[in-house]
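Hi everyone, thanks for making time this morning. I'd like to walk you through one interface, so let me bring it up on the screen.

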Amino acid sequence: MNLNATFVAQMLVFFILGWFTMKFIWPPLMKALDERAKKIADGLAAAEKGNAALKDALVRFQKLEAEARIRAQEIVSQNEKRGLEIVEGAKAAAKAEGDRLIAAAKAEIESEMQRAKDALRSQVALLAVAGAEKILRREVNAQVHADLLAQLQQELR
Amino acid sequence: MASPEHAPNASEYITHHLTHLNTKAQGFIVDMSVLNIDTLFWSLAMGFITCFVLWRVAQRATAGVPGRFQAAIEMLVEMVNDQAKAIVHSAESRLFVAPLALTVFLWITLMNALDLLPVDLPHKIFAWTGLDSFIRYNRIVPTADLNGTFGMSLGVFVLMIYYNIKIKHLGGFIHELFCAPFGNKIWLYPFNLLLNLIEFIAKTVSLAMRLFGNMYAGELLFMLIALLGATATWWGFGMHLVAGAAWAIFHILIILLQAFIFMMLTLVYIGQAHEGH
C-alpha cells in the first residue's frame, strides 16, 4: 500500500503503450477489417447481380422457347397443309391422266369398231353380192343391177 | 528464502512475498525517491509482450481469409471498437482512445494472469540460478501493487482533464466545474466545485483501488494456500491441490473481469469528459 515513484513510471508506460497501439497496431488491423467488410459486401452485391441476371436470362429463355414452339407448330401445320395440297394435286392429276387414257382408249375402241364395221359392211355387201351373183348368175345381169346393189349397200350402213 | 539458517515461519513467508524489490526500503507511505523494480519490470515485460503480439498480427493482417490467431485478435478489436463507439461519441478521440482501451485490456489481463504462476516459482528460479543474492524480493503481479494500478488510473485522470479541456475549452470546463451539477448560482459555486473535485478524485481512486484490491486479495490467497502445502502433511498437500486449483480456476474469471472493467471504465470516464452536464 506504499506509494512511490513507480506510479509515475507506470503512468508513462500507460501512455507509451497507448501511443504505440494507436500508431502501429490499430490502423493496419482496422484497415484489414474494413477491407474484408468491403470485399464481403462487394461479393454479396455481385452474387445478387448474378442472381438477377440469371432470372432475366430465364425469363428471356422462356419467351424464346415459347416463340420457338409457336413457330415450330406453324411450320408443322404449314407442311401438313402443303402435303395435303400435294397429295390432292397428285390425285387430281392422276385422275385427269386416267380419264384421258380412258377417253383415248374409248376413242381407239370406237374407231377400231368403226373400222371393223366398215370392213364387215363391205365384206357383207360383197358376200351378199357374191351370194346373189351365185343365185342370180344367169338371170341377173351385174351391170343392170349394180345400182340396186349400191342401194342395198347404202341401206346396210 | 529470507534467511538461510532456518525455514521461514508463516508470517515471515507472507512478509517476504509481500515485499517489493525496490531501490531502497520505503519508510513512509508516500516516498517519491523509491522505485519498485519488480512492478516496473513485470509491467513493462507484459506491455512489451502485448504490443509485440499485437504488432505481429497487425503486420501480417490480411483482408482475405484470416488465420485463427488473427481472427481471435480481430474479435477482440471488434469488441473494443464497438464498446468505444457506443461510449465515446467522437470519432477523432476514438482514434486514440479505442487503441488505448484495447492495449489496456490485454495488458492488464496479462499482468493479472501472472498471478496464476506458482507463488514460489520465481524465487526458486532465482535461488537455482544464484540470482537471489541481489534479487531478494519479487512481487510478480504489477496490478497487485497500488503503484501499478494508480499509475494507470492517473493516466485515465489526465485523459479526462485533457478531453474536458479539448472538447469544452478551458473556459467551458471551468464554468462546468463551478456551475454543474446544481446550477449557475453564485452561492452554489463552492458546492459544485466540491462535488466535481470529489467526483474526479473518486473516479481515479476507485479505478485504481478496485483493480488493486482484487489482485492483491487474489495474490494473498494464493500465498495462504501455498502455506497449506508448506505444512508438508498429506492433508496440507491435498488442500493445497484442491484449494489452489479451485481458486486458480475462479481467478481466471477475476483476471478477465477486472481487466474488462478497467477498460470499460476508462472508456466511460473519457466518454463522460466529452459530454456536458
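Let me start with a question: how many residue pairs are in polar contact between chain B and chain A, with both at pLDDT 80 or more? The count is 16 residue pairs. Do keep in mind that this is a predicted model.

Where on chain B do the touching residues sit? The elements that give two or more residues to the side facing chain A are β1 (30-31), α2 (37-60), α3 (68-87), α4 (91-113), α6 (146-179) and α7 (189-230) of chain B. By type, the residues on that side divide into 37 nonpolar, 15 polar and four charged.

Next, the salt bridges. The count between chain B and chain A is one. The partners are B:Glu74 and A:Arg36, and their closest N and O atoms are 2.8 Å apart.

Now to the strands. Strand β1 of chain A, residues 3-4, pairs with β1(B) in the parallel sense, over two bridges. If you'd like to find the spot on screen, look for A:Asn4, which stands opposite B:Asp31 in β1(B).

Finally, the overall extent. Contacts involve 56 residues of chain B and 31 residues of chain A.

Terms used: Residues numbered from 1 in each chain as written. Chains lettered and ligands numbered in written order. Predicted model: local features only at pLDDT ≥ 70, side-chain atom pairs only at ≥ 80, totals over all residues. Heavy atoms only, no water. Contact = heavy atoms within 4.5 Å. Salt bridge = Lys/Arg side-chain N within 4 Å of Asp/Glu carboxyl O. Polar contact = N/O pair within 3.5 Å; in protein donor to acceptor, adjacent residues only side chain to side chain. Helix = DSSP H or I, 4+ residues; strand = E, 2+ residues; numbered from the N terminus. Nonpolar A, V, L, I, M, F, W, Y, C, P; charged D, E, K, R; others polar. Pairing = 2+ DSSP bridges.
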